[in-house]
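Subject: Structure handover

Hi,

Here is the structure I said I would pass on. Please open it and keep it beside you while you read my notes.

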Amino acid sequence: SEAVERREENGHQNKRLKRDADEEDAEDQNKKSPKRKIVLLMAYSGKGYHGMQRNVGSSQFKTIEDDLVSALVQSGCIPENHGEDMKKMSFQRCARTDKGVSAAGQIVSLKVRLIDDILEKINNHLPSHIRILGLKRVTGGFNSKNKCDARTYSYMLPTFAFAHKDHDVQEEVYRLDKETLEKVNKLLACYKGTHNFHNFTSQKGPRDPSAKRYIMEMYCGEPFVRENIEFAVIKVKGQSFMMHQIRKMIGLVIAIVKGYAAESIIERSWGEEKVDVPKAPGLGLVLERVHFEKYNRRFGNDGLHEPLEWTEEEEKIAVFKEQYIYPTIINTEREEKSMANWLNTLSIHDFNSSAVGMQANNKNSK
């Protein structure tokens, strides 16, 4: 009887699945463009946005995905109800960028109708500081977050951030010397490998296994001058990052180079005690690219799918950065002085005592 029940249940399930599939097929036939799983290569300037991820029902804080979903609906790629419930189009972003953070190579995966001139139509409904630069078909079960092996970020900052605190520095005149750049790179290299980064994010305790993260490379490139201010770009590649992790990694190196904290603080921060780690401004942070090495090895040359490499789009990415990302960082730095103002807060941090000591001091001062 169990076998009969199972057969009946399977029969019902099959009928149900067939009915669902038929309804979907009918809908697709009506639209004359079947839904397909794709990835979109996105670039955006994050200034004025509360990050990438959409908060459905909260129109108060505008996100990049609000504008993207609106453009997908208006261009006819997705039905309106898919915009309200993003699960219906199997939407997944590769990285959640924080408030104010930009991207040159963000990837989202979703199911869309493959209409003619799809990229042009989507971009027509997007503001100029958000662009879809590429599209590729992927396997049906593809999930851009889970299939991503690594992410590369860059952080563009004015080099006066590395000037020693005891030196009176004029921001526009400051130029980074070779020895200081070497020291910066020596410190950034300490982050390579697997470490417990619980001190570099909020809401994770020292024994939380997910606080362990693997960093593949981290270095600062040669400085260059834009609009009379010298800048440099730090690159970091890691498997995945926690909220504020990169900004805190950079913030701590700046604090050491400026002479506020001892070099030993990095080693100390891997331990269980709570260490006061300053968080550099979000302005200079850019999601450069995301890596799908395992997926490419398995599906990239199967004859059906393309590898998720964007060599043909490199030039468009570079142009977008020069037009929208770098000018925003440079002009905002000049006008709002986000780095200069943040550097003034470093003296408030207590880099010597543990959290217990800090609490005791706070009680005494009260």
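The chain holds 11 helices and 10 strands. Keep in mind that this is a predicted model. Of the 366 residues in the chain, 48% are buried. The accessible surface comes to about 19000 Å², and carbon and sulfur atoms account for 45% of that. I also looked at contacts between residues at least 6 apart in sequence: 75% of them join residues at least 24 apart.

Next, the core. The largest nonpolar core has 104 residues. Tyr 191 and Ile 254 touch the most other members. Helix H6, residues 245-257, gives the most to this core, with 9 residues. At least three residues come from each of domain 1 (35-137) and domain 2 (150-293 + 315-348). As background, nonpolar side chains tend to be buried together in soluble globular proteins.

Which residues does Ile 254 contact, leaving aside its neighbours within four places in sequence? They are Leu 157, Ala 161, Phe 162, Met 339, Trp 342, Leu 343 and Leu 346.

Now helix H2, residues 64-74. How many of its 11 residues are buried? The count is 8, so the helix is mostly covered. The buried ones are Ile 64, Glu 65, Asp 66, Asp 67, Leu 68, Val 69, Ala 71 and Leu 72. Their cover includes strand E1 (35-44), helix H3 (80-84), E2, E3, helix H4 (118-124) and strand E4 (130-137). After H2 comes Gly 76, with a positive phi near 90°.

Take Ile 64 from that helix. Why is Ile 64 called buried? Its relative accessibility is 0%, and buried means under 20%, so Ile 64 qualifies. Not counting residues up to four places away in sequence, Ile 64 touches Met 42, Tyr 44, Ser 45, Tyr 49, Gly 51, Met 52 and Ile 130.

UniProt places the feature "active site" at Asp 98. Where does Asp 98 lie? Look in the loop between strand E2 (92-93) and strand E3 (102-113). Asp 98 touches Gly 51, Met 243, His 244 and Arg 247, again not counting residues up to four places away in sequence. Gly 51 is also among the residues that Ile 64 touches.

For "binding site", UniProt lists Tyr 153. Tyr 153 sits in strand E5, residues 150-158. Is Tyr 153 buried or exposed? Its relative accessibility is 7%, which is under the 20% limit, so Tyr 153 counts as buried. Beyond residues up to four places away in sequence, Tyr 153 touches Ala 95, Thr 97, Ile 234, Lys 235, Val 236, Phe 241, Ile 246, Leu 285, Val 286, Leu 287 and Glu 288.

Last, the cysteines. A disulfide is a covalent bond between the sulfur atoms of two cysteines. How many disulfides does a search of the whole structure find? It finds 0. Cys 77 has 1% relative accessibility, so Cys 77 counts as buried. Cys 220 is at 5% relative accessibility, so Cys 220 counts as buried too.

Best wishes

Note on methods: Residues numbered from 1 in each chain as written. Predicted model: local features only at pLDDT ≥ 70, side-chain atom pairs only at ≥ 80, totals over all residues. Heavy atoms only, no water. Core = buried A, V, L, I, M, F, W, Y, C linked by side-chain atoms within 4.5 Å. Buried < 20%, exposed > 50% of the residue type's maximum accessible area, 1.4 Å probe, protein only. Helix = DSSP H or I, 4+ residues; strand = E, 2+ residues; numbered from the N terminus. Domains from an automatic or database assignment. Contact = heavy atoms within 4.5 Å. Disulfide = S-S within 2.5 Å. Areas by Shrake-Rupley, 256 points an atom, 1.4 Å probe, with all protein chains shown as cover. UniProt positions renumbered as here; feature names shortened; annotations may be inferred.
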